[in-house]
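Hi everyone, thanks for coming.

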Amino acid sequence: TLRPNEGRFGGAVAVEEGTENLVTNPKTWKPSSSQYQTTTETGEMFLGCTVSETVKLLDGIQPSNLRTVTIAPGETYTASIYVKQINHTQGERARLIFYTDKTLASTQAVSGIKGWQRLEVTYTNNTESDVTSYTYYYPTRIAGSITQQAAPQVEKKPFATSFVDGTRPDGILAYPIALKDDYTIACYRKSHTDEDYKHVVKLSD
């Protein structure tokens, strides 16, 4: 995937691990409607997904479950969703959590960002038993607030990858070239665990 304005020199290519999005019908998923809120489709698209808009009718929380997952000891899952807080000025921001009978891990949107932002939350089961967890999404809480959302994802990963509907195989970066003479291949790479770019050189003849 091309990543303009990223990388060490102002441009990069992302080569991602394979993954599976465990959300059912993620392209059309939207939060539930209730006495607390109403959710409608805007007619817009984001990352190939339907954009829905939730208007709070009353103060209070109304969770919508992205996916229920059973997490074995030592396993790690990550949930993510893109949100746009249209008119948030006070109160709780949009949130994404792993939840059983208590909150296992949570994240919330950043105030002051008017455009799209991605919520990402990761949970590792450090117990000795399976944990069955909901992945709950909450739009902003105060009555009258408006939140848009799209492209939910739950994956068995310690980090979020780019949105996919279904599955994606491991990425491969291949350049079909034929060099007759001696050559050197050099590049900079950065994984999700690296703090900075590393210089990689491959000598071959």
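Let's begin at Tyr 134, which counts as partly exposed because its relative accessibility is 35%. On this scale, buried means under 20% relative accessible area, exposed means over 50%, and partly exposed is in between, with a 1.4 Å probe and protein chains only.

Before going further, a word on the source: this is a predicted model, where local features need pLDDT of at least 70 and side-chain atom pairs count only at pLDDT 80 or more, while totals for chains, interfaces and linings use all residues. Residues are numbered from 1 along each chain as its sequence is written, and side-chain values use heavy atoms, with hydrogens and water left out.

Now to the rings. Rings of Phe, Tyr and Trp (for Trp, the six-membered ring) pair if their centres lie within 6.5 Å; planes under 30 degrees apart are stacked, over 60 edge-to-face, and the rest tilted. How many aromatic pairs does that rule give? The count is seven. In one of them, Trp 29 and Tyr 137 are edge-to-face, because their planes stand at 75°, with the ring centres 6.2 Å apart. This pair links distant parts of the chain, 108 residues apart: Trp 29 is in the loop between β3 (19-20) and β4 (37-46), and Tyr 137 is in strand β11 (residues 131-138). Strands here are DSSP runs of E with at least two residues, helices are runs of H or I with at least four, and the numbering starts at the N terminus. Trp 29 is buried at 13% relative accessible area, and Tyr 137 is buried at 0%.

Back to our starting residue. Tyr 134 and Tyr 136 have ring planes at 5° and centres 5.1 Å apart, so they are stacked. Tyr 136 counts as buried, at 16% relative accessibility. Ring pairs also join Tyr 134 and Tyr 136 with Tyr 99 and Tyr 138 into a cluster.

Which residue has its charged end over the ring of Tyr 138? That is Arg 95, 4.5 Å from the ring centre. The rule for this is NZ of Lys or CZ of Arg within 6 Å of the ring centre and within 35 degrees of the ring normal.

Arg 95 forms one with Glu 92, the closest N and O atoms being 3.5 Å apart. Glu 92 also meets Arg 141, at 3.1 Å from N to O. Glu 92 lies in the loop between β7 and β8 (95-99) and Arg 141 in the loop between β11 and β12, so this pair ties together parts 49 residues apart in sequence. Together, Glu 92, Arg 95 and Arg 141 are linked in a network.

Another salt bridge joins Lys 156 and Glu 75, at 2.9 Å from N to O. Here the parts tied together are 81 residues apart in sequence, because Lys 156 is in the loop between β12 and β13 and Glu 75 is in the loop between β6 (64-71) and β7.

Finally, a look at the backbone. Ala 151 is not a glycine, yet it has a positive phi of about 55°. Ala 151 sits in strand β12 (residues 146-155) and is buried, at 1% relative accessible area. Asn 25 also has a positive phi, near 50°, but Asn 25 counts as exposed, at 53% relative accessibility.

Note on methods: A salt bridge is a side-chain nitrogen of Lys or Arg within 4 Å of a carboxyl oxygen of Asp or Glu.
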